[in-house]
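Please consider the following protein chain together with its three-dimensional model. The explanation after it is meant to be read alongside both.

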Amino acid sequence: MFSRGGAVRSLIDLVMQHTKNEVWLVSHSSMDHLAEKIIERCHLARTNESQHFRRNVIWKRIVRWDHFADGFPNIFIDDVKEMAGKDVMFLASFHSPAVIFEQMSVLFAIPRYVNILKTDFNNTSQ
């Protein structure tokens, strides 16, 4: 098991190994504090060792984690069109079954939305 600091360093190392320039970081609202730390450390890594760390990690707060009056999740994902073709990391929390359910809903929805947009684009461009 990683310590929290070790997990952040390992995640940053993994992200920075790839050659694409931009990576989106999407997180559950309960993980905002950790997402902020990841962004800060990635920025410092790019600033201090620019020849080795080429990826730009951008924290995208594109998920609206709302709830209906009955407590059921009312989740909306903004900027789905912009997400197509991007490398996306999802920072999850497993502190309760309700939160796990919310996050699984988003994880299943993102590829479906991107595929629908891709199909719509291909149909309109022919």
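The paragraphs below treat confidence, the sheet, the hairpin and the aromatic residues in turn.

This is a predicted model, in which local features need pLDDT of at least 70 and side-chain atom pairs count only at pLDDT 80 or more, while totals for chains, interfaces and linings use all residues. Residues are numbered from 1 along each chain as its sequence is written, and side-chain values use heavy atoms, with hydrogens and water left out. The pLDDT is the predictor's confidence in each residue, from 0 to 100. The protein chain averages 79, and 71% of the residues score at least 70. Confidence is lowest in helix H1 (residues 4-17), with a mean of 59, and highest in E3, at 92. Helices (H or I, at least four residues) and strands (E, at least two) are DSSP runs numbered from the N terminus.

Three strands form an open sheet in the order E2-E1-E5, with parallel pairing; two strands pair if DSSP finds at least two bridges between them. Strand E2 (56-59) and strand E5 (87-91) are the edge strands, each pairing on one side only. Neighbouring strands of this sheet are turned by 30° against each other on average, direction ignored. Axes are lines fitted to C-alpha atoms, for helices over the stretch in contact, and angles run from 0 to 180 degrees between N-to-C directions. Helix H2 (residues 32-48) packs on the sheet and touches E1, E2 and E5, its direction making about 155° with that of E2; contact means heavy atoms within 4.5 Å.

Strand E1 (residues 22-27) is joined to E2 by four bridges, and Trp-24 has Ile-58 as its bridge partner in E2. Val-23 is also found in strand E1. Val-23 counts as buried because its relative accessibility is 2% (buried means under 20% relative accessible area, exposed over 50%, partly exposed in between, with a 1.4 Å probe and protein chains only).

Strands E3 (residues 63-67) and E4 (residues 73-77) run antiparallel and are joined by five bridges. They form a hairpin with five residues between them, and Gly-71 in the turn has a positive phi of about 95°.

The structure holds one aromatic pair. The ring centres of Phe-72 and Phe-101 are 5.8 Å apart and their planes lie at 65°, so the pair is edge-to-face (rings of Phe, Tyr and Trp, the last by its six-membered ring, pair if their centres lie within 6.5 Å; planes under 30 degrees apart count as stacked, over 60 as edge-to-face and the rest as tilted). Phe-72 lies in the loop between E3 and E4, and Phe-101 in helix H4 (residues 97-124).
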